Amino acid sequence: MIKERNGCIEIEKFLDLDLLTDLIEFTKNNLEALTKKEFKNKESDLMNRILENDQFRALTEQYSDKVFSDLNQNKTTNINSKATVFEGDTELHYDKCYLNWVIPLILENNKEPGLIIFPNSRKNPFKFLGLKLAVMLFGSPFVLRSETLITLFGGHKIQYCVNHAYIFDGFNSLHGVVRHPDDGNRCVITINFRMDD
Ligand SMILES: [Fe+2]
(Lines give C-alpha, C1' and ligand atoms only; values in the text may rest on other atoms or scores of the structure.)
Protein backbone atom coordinates (compact mmCIF):
# COMPACT_ATOMS: atom_id res chain seq x y z
CA MET A 1 0.00 0.00 0.00
CA ILE A 2 1.28 3.49 -0.87
CA LYS A 3 0.57 6.33 1.58
CA GLU A 4 1.07 9.99 0.76
CA ARG A 5 2.42 11.47 3.96
CA ASN A 6 3.37 15.04 4.65
CA GLY A 7 6.77 15.39 3.08
CA CYS A 8 7.22 11.83 1.93
CA ILE A 9 5.69 8.81 0.25
CA GLU A 10 5.57 5.59 2.26
CA ILE A 11 5.26 2.16 0.65
CA GLU A 12 4.43 -0.64 3.05
CA LYS A 13 6.20 -3.99 2.78
CA PHE A 14 8.23 -2.88 -0.18
CA LEU A 15 10.67 -5.74 -0.75
CA ASP A 16 9.62 -9.32 -1.35
CA LEU A 17 10.39 -11.67 1.50
CA ASP A 18 13.26 -13.47 -0.26
CA LEU A 19 15.15 -10.28 -0.98
CA LEU A 20 14.45 -8.84 2.46
CA THR A 21 15.76 -12.02 4.10
CA ASP A 22 18.90 -11.96 1.95
CA LEU A 23 19.54 -8.29 2.71
CA ILE A 24 19.08 -8.68 6.46
CA GLU A 25 21.30 -11.76 6.52
CA PHE A 26 23.99 -9.95 4.57
CA THR A 27 23.69 -6.91 6.80
CA LYS A 28 23.99 -8.89 10.01
CA ASN A 29 27.05 -10.68 8.66
CA ASN A 30 28.70 -7.44 7.62
CA LEU A 31 27.87 -4.91 10.28
CA GLU A 32 31.45 -3.81 10.66
CA ALA A 33 31.94 -3.27 6.95
CA LEU A 34 28.65 -1.46 6.66
CA THR A 35 29.74 0.98 9.32
CA LYS A 36 32.54 1.82 6.93
CA LYS A 37 30.03 2.19 4.11
CA GLU A 38 31.38 -0.64 1.97
CA PHE A 39 28.08 -2.19 1.08
CA LYS A 40 27.81 -0.73 -2.37
CA ASN A 41 30.90 -2.34 -3.83
CA LYS A 42 30.68 -5.62 -2.01
CA GLU A 43 27.12 -6.54 -2.67
CA SER A 44 25.95 -4.90 -5.85
CA ASP A 45 23.88 -7.97 -6.76
CA LEU A 46 21.59 -7.39 -3.83
CA MET A 47 21.35 -3.69 -4.59
CA ASN A 48 20.65 -4.42 -8.24
CA ARG A 49 17.70 -6.57 -7.25
CA ILE A 50 16.18 -3.43 -5.73
CA LEU A 51 17.14 -1.14 -8.60
CA GLU A 52 15.58 -3.53 -11.10
CA ASN A 53 12.36 -3.95 -9.13
CA ASP A 54 9.39 -2.88 -11.28
CA GLN A 55 7.70 -0.88 -8.55
CA PHE A 56 10.96 0.83 -7.66
CA ARG A 57 11.47 1.90 -11.26
CA ALA A 58 7.89 3.03 -11.79
CA LEU A 59 7.76 5.12 -8.60
CA THR A 60 11.17 6.63 -9.26
CA GLU A 61 10.03 7.66 -12.72
CA GLN A 62 6.76 9.06 -11.43
CA TYR A 63 8.24 11.17 -8.65
CA SER A 64 11.33 12.23 -10.62
CA ASP A 65 9.09 13.68 -13.28
CA LYS A 66 7.23 15.66 -10.66
CA VAL A 67 10.39 17.04 -9.03
CA PHE A 68 11.95 17.92 -12.37
CA SER A 69 8.89 19.69 -13.64
CA ASP A 70 8.93 21.72 -10.39
CA LEU A 71 12.64 22.46 -10.79
CA ASN A 72 12.31 23.15 -14.50
CA GLN A 73 15.55 21.27 -15.17
CA ASN A 74 16.60 18.44 -17.42
CA LYS A 75 16.49 15.01 -15.90
CA THR A 76 19.65 13.14 -14.96
CA THR A 77 20.23 9.61 -13.78
CA ASN A 78 23.14 9.76 -11.41
CA ILE A 79 22.39 7.07 -8.83
CA ASN A 80 24.15 6.67 -5.51
CA SER A 81 23.05 3.62 -3.52
CA LYS A 82 24.38 2.24 -0.28
CA ALA A 83 23.43 0.60 2.99
CA THR A 84 24.83 2.06 6.16
CA VAL A 85 24.71 1.46 9.88
CA PHE A 86 23.98 4.75 11.60
CA GLU A 87 25.82 5.51 14.80
CA GLY A 88 24.29 8.83 15.76
CA ASP A 89 22.07 11.66 14.62
CA THR A 90 22.27 12.87 11.07
CA GLU A 91 22.31 16.66 11.20
CA LEU A 92 19.64 18.67 9.47
CA HIS A 93 20.69 19.22 5.89
CA TYR A 94 19.62 19.54 2.29
CA ASP A 95 20.84 16.98 -0.24
CA LYS A 96 22.10 17.46 -3.71
CA CYS A 97 19.67 14.69 -4.64
CA TYR A 98 16.33 15.35 -6.18
CA LEU A 99 14.90 12.04 -5.01
CA ASN A 100 15.79 10.01 -1.94
CA TRP A 101 14.73 6.46 -1.18
CA VAL A 102 15.16 5.03 2.31
CA ILE A 103 14.46 1.37 3.13
CA PRO A 104 15.13 0.41 6.77
CA LEU A 105 16.42 -3.16 7.19
CA ILE A 106 17.26 -3.32 10.88
CA LEU A 107 15.88 -1.13 13.67
CA GLU A 108 16.95 -2.58 17.01
CA ASN A 109 15.46 -1.17 20.20
CA ASN A 110 14.32 1.83 18.21
CA LYS A 111 13.11 4.68 20.42
CA GLU A 112 13.15 7.62 18.03
CA PRO A 113 10.89 8.14 15.02
CA GLY A 114 13.64 8.21 12.44
CA LEU A 115 13.27 10.95 9.90
CA ILE A 116 12.44 14.58 10.72
CA ILE A 117 11.54 16.46 7.57
CA PHE A 118 10.52 20.00 6.71
CA PRO A 119 8.80 19.61 3.34
CA ASN A 120 9.67 22.17 0.68
CA SER A 121 11.46 24.37 3.18
CA ARG A 122 13.92 25.56 0.54
CA LYS A 123 11.10 27.13 -1.43
CA ASN A 124 9.54 28.88 1.55
CA PRO A 125 11.51 31.93 2.78
CA PHE A 126 9.93 31.83 6.25
CA LYS A 127 10.88 28.20 6.73
CA PHE A 128 14.26 28.45 5.01
CA LEU A 129 15.56 31.45 6.93
CA GLY A 130 13.84 30.53 10.17
CA LEU A 131 15.28 27.04 10.19
CA LYS A 132 18.74 28.28 9.27
CA LEU A 133 18.61 30.69 12.16
CA ALA A 134 17.27 28.06 14.57
CA VAL A 135 20.04 25.62 13.61
CA MET A 136 22.65 28.37 14.01
CA LEU A 137 21.30 29.44 17.41
CA PHE A 138 20.39 26.12 19.00
CA GLY A 139 22.20 23.49 16.93
CA SER A 140 20.80 20.71 14.81
CA PRO A 141 20.23 18.13 17.62
CA PHE A 142 18.05 20.59 19.55
CA VAL A 143 15.95 21.48 16.51
CA LEU A 144 15.55 17.79 15.61
CA ARG A 145 14.09 17.10 19.06
CA SER A 146 12.08 20.27 19.61
CA GLU A 147 8.37 19.63 19.16
CA THR A 148 7.83 23.42 19.20
CA LEU A 149 10.30 24.19 16.41
CA ILE A 150 9.24 21.20 14.33
CA THR A 151 5.62 22.34 14.53
CA LEU A 152 6.47 26.03 14.04
CA PHE A 153 8.30 25.36 10.77
CA GLY A 154 5.81 22.78 9.47
CA GLY A 155 8.05 19.78 10.03
CA HIS A 156 7.00 16.15 10.37
CA LYS A 157 8.28 13.07 12.13
CA ILE A 158 8.32 9.98 9.96
CA GLN A 159 8.31 6.78 11.98
CA TYR A 160 10.57 4.28 10.25
CA CYS A 161 9.40 0.67 9.93
CA VAL A 162 11.47 -2.22 8.64
CA ASN A 163 10.87 -2.92 4.96
CA HIS A 164 8.72 0.11 4.38
CA ALA A 165 10.18 2.36 1.72
CA TYR A 166 10.21 6.14 2.04
CA ILE A 167 10.63 8.52 -0.86
CA PHE A 168 11.25 12.22 -0.38
CA ASP A 169 12.74 15.25 -2.06
CA GLY A 170 15.91 15.93 -0.11
CA PHE A 171 16.90 18.84 -2.33
CA ASN A 172 13.94 21.00 -1.32
CA SER A 173 13.17 19.55 2.10
CA LEU A 174 15.48 20.04 5.08
CA HIS A 175 15.79 16.71 6.86
CA GLY A 176 17.75 14.80 9.48
CA VAL A 177 17.63 11.60 11.50
CA VAL A 178 17.44 11.29 15.27
CA ARG A 179 18.97 8.50 17.31
CA HIS A 180 18.45 7.66 20.96
CA PRO A 181 21.63 6.67 22.88
CA ASP A 182 19.99 3.37 23.86
CA ASP A 183 19.03 2.45 20.31
CA GLY A 184 20.61 -0.71 18.96
CA ASN A 185 21.90 -1.31 15.48
CA ARG A 186 20.13 0.51 12.72
CA CYS A 187 20.77 -0.26 9.10
CA VAL A 188 19.01 1.46 6.25
CA ILE A 189 19.42 1.35 2.51
CA THR A 190 19.54 4.74 0.88
CA ILE A 191 19.26 5.25 -2.84
CA ASN A 192 19.73 8.79 -3.99
CA PHE A 193 19.21 10.25 -7.42
CA ARG A 194 21.63 13.10 -7.79
CA MET A 195 21.56 16.08 -10.04
CA ASP A 196 24.55 16.52 -12.29
CA ASP A 197 27.10 19.04 -11.05
FE1 LIG B 1 20.03 13.53 3.28
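Author: Start with a pair of residues on two strands. The bridge partner of Leu115 in β9 is Val177. Keep in mind throughout that this is a predicted model.

Reader: In which sense do β6 and β9 pair, and over how many bridges?

Author: Strands of a sheet pair through backbone hydrogen bonds, either parallel or antiparallel. For β6 and β9 the sense is antiparallel, and the number of bridges is 4.

Reader: What is the order of the strands in the open sheet of 4 strands?

Author: The pairing in this sheet is antiparallel, and the order is β4-β9-β6-β7. β4 (90-93) and β7 (156-159) each have a single partner strand, so one side of each has no neighbour in the sheet. From one strand to the next, the twist averages 15 degrees. Read across, then, the order is β4-β9-β6-β7.

Reader: Which residues touch the most other members of the largest nonpolar core?

Author: In soluble globular proteins, nonpolar side chains tend to be buried together. The largest nonpolar core here has 34 residues. The members that touch the most others are Ile103, Leu115, Ile117, Tyr166 and Ile167.

Reader: Which element gives the most to this core?

Author: At least two residues of the core come from each of β5 (97-107), β6 (114-118), α6 (125-138), α7 (140-145), β8 (165-168), β9 (174-177) and β10 (186-194). With 7 residues, the element that gives the most is β5.

Reader: What is Ile103 in contact with, leaving aside its neighbours within four places in sequence?

Author: Ile103 is among the residues that touch the most other core members. With those sequence neighbours set aside, its contacts are Phe14, Leu15, Asn163, Ala165, Val188 and Ile189.

Reader: Is Asn163 buried or exposed, or partly exposed?

Author: Asn163 sits in the loop between β7 and β8. Its phi is positive, about 65 degrees, although Asn163 is not a glycine. A buried residue needs 20 or more other C-beta atoms within 10 Å. Asn163 has 18 of them, so it is partly exposed.

Reader: What is the phi of Asn120, which is not a glycine?

Author: Asn120 lies in the loop between β6 and α6. Because it has 16 C-beta neighbours inside 10 Å, Asn120 counts as partly exposed. Its phi is positive, at about 55 degrees.

Reader: Why do the buried residues of α6 line one face of the helix?

Author: An α-helix has 3.6 residues a turn, so residues three or four places apart point the same way. The buried residues of α6 are Lys127, Leu131 and Val135. Seen down the helix axis they fall within an arc, so they line one face; that arc is 55 degrees.

Reader: Which elements do the buried residues of α6 pack against?

Author: The face turned away from the buried side carries the exposed residues Pro125, Phe126, Leu129, Leu133, Met136 and Leu137. The buried residues pack against β4, β6, α7 and β9.

Reader: How far apart are the end C-alpha atoms of α6?

Author: At 1.5 Å a residue, the 14 residues of α6 should span 20 Å. The value from the model agrees with this: the end C-alpha atoms are 19 Å apart.

Reader: What is the bridge partner of Arg5 in β2?

Author: β1 (residues 2-5) and β2 run antiparallel and are joined by 4 bridges. Their hairpin has 2 residues between the strands, and Gly7 takes a positive phi near 90 degrees there. The partner of Arg5 in β2 is Cys8.

Reader: What is the bridge partner of Ile9 in β8?

Author: β2 and β8 run antiparallel, joined by 3 bridges. In β8, the residue that partners Ile9 is Ile167.

Reader: What distance separates the C-alpha atoms of Thr27 and Ile106?

Author: Thr27 is in helix α1 (residues 17-29). With 22 other C-beta atoms within 10 Å, Thr27 is buried. Thr27 and Ile106 are 79 residues apart along the chain, yet their C-alpha atoms are separated by 8.4 Å.

Conventions. Residues numbered from 1 in each chain as written. Predicted model: local features only at pLDDT ≥ 70, side-chain atom pairs only at ≥ 80, totals over all residues. Core = buried A, V, L, I, M, F, W, Y, C linked by C-beta atoms within 7 Å. Buried ≥ 20, exposed ≤ 12 C-beta atoms within 10 Å, placed from the backbone. Contact = placed C-beta atoms within 7 Å. Pairing = 2+ DSSP bridges. Axes fitted to C-alpha atoms, helices over the stretch in contact; angles between N-to-C directions. Expected span 1.5 Å × (residues − 1). Arc of directions from axis to C-beta.
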